[in-house]
Amino acid sequence: MQSCPNCGSNEVGKIGTGQYFCRDCCVEMSELEGGLVIHQVEEDGSLSPIDEWS
């Protein structure tokens, strides 16, 4: 992944197979068949889905 689809930043790192994290807007992205799911990282460390990108 070259840039964050949420904020456009290039500060995206790979954290697992098909999983990425944006250091600028603090979202986690997961590649799924047919699209991308973006999660907001909450204060307690849990993830809340933001939107689905295809």
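Strands here are DSSP runs of E with at least two residues, helices are runs of H or I with at least four, and both are numbered from the N terminus. Two strands count as paired if DSSP finds at least two bridges between them.

The model is predicted: local features need pLDDT of at least 70, side-chain atom pairs count only at pLDDT 80 or more, and totals for chains, interfaces and linings use all residues. Residues are numbered from 1 along each chain as its sequence is written, and side-chain values use heavy atoms, with hydrogens and water left out.

The protein chain holds zero helices and five strands. From the N terminus on, its elements run β-β-β-β-β. The radius of gyration of the protein chain is 10 Å, close to the 10 Å that the globule rule gives for 54 residues, so the chain is as compact as a globular protein of that length. This radius is taken over C-alpha atoms, and the globule rule is 2.2 Å times the number of residues to the power 0.38. Along the principal axes, the C-alpha atoms fill a box of roughly 30 × 20 × 20 Å. Of the 54 residues, 28% count as buried. Buried means under 20% relative accessible area, exposed means over 50%, and partly exposed lies in between (1.4 Å probe, protein chains only). Contact means heavy atoms within 4.5 Å. Among contacts between residues at least 6 apart in sequence, 9% join residues at least 24 apart.

Two hairpins were found. Strand β1 (residues 12–16) pairs with strand β2 (residues 19–22) in the antiparallel sense, over four bridges. V12 stands opposite C22 in β2. Two residues lie between β1 and β2 in this hairpin, and G18 in the turn has a positive phi of about 70 degrees. β3 and β4 also form a hairpin with two residues between them. In that turn, G34 has a positive phi of about 85 degrees. E28 has H39 in β4 as its bridge partner.

H39 lies in strand β4 and is buried, with a relative accessible area of 17%. Leaving out residues up to four places away in sequence, H39 touches V27, E28, S30, L47, S48, P49 and I50.

The largest nonpolar core has eight residues: C4, V12, Y20, C22, V27, M29, L36 and I38. Such a core is a set of buried Ala, Val, Leu, Ile, Met, Phe, Trp, Tyr and Cys residues joined through side-chain atoms within 4.5 Å. β2, β3 and β4 each supply at least two residues of this core. Y20 is found in strand β2 and counts as buried, at 10% relative accessibility. Beyond four places in sequence, the residues that Y20 touches include M1, V12, K14, V27, M29 and E31. Y20 and E31 are 11 residues apart in sequence and 8.6 Å apart in space, C-alpha to C-alpha. With neighbours within four places in sequence left aside, C22 is in contact with C4, C7, S9, E11, V12, V27 and M29.

No disulfides were found in a search of the whole structure. A disulfide requires a pair of cysteine sulfur atoms within 2.5 Å. C4 counts as buried, at 3% relative accessibility. The cysteine sulfur closest to that of C4 is in C25, at 3.7 Å, too far for a bond. C26 is partly exposed, with a relative accessible area of 37%. Its closest cysteine sulfur is also in C25, at 7.0 Å, again too far for a bond.

S9 sits in the segment before β1 and is buried, with a relative accessible area of 10%. A polar atom of the S9 side chain lies 2.9 Å from the backbone nitrogen of E11. Not counting residues up to four places away, S9 touches Q2, S3, C4, C22 and D24. S46 lies in the loop between β4 (35–41) and β5 (47–53). S46 is partly exposed, at 31% relative accessible area. The side chains of S46 and D44 are joined by a polar contact of 2.6 Å. A polar contact is a pair of N or O atoms within 3.5 Å; within protein, one must be able to donate a hydrogen and the other to accept it, and residues adjacent in sequence count only if both atoms are side-chain atoms. Apart from neighbours within four places in sequence, S46 is in contact with Q40 and V41.
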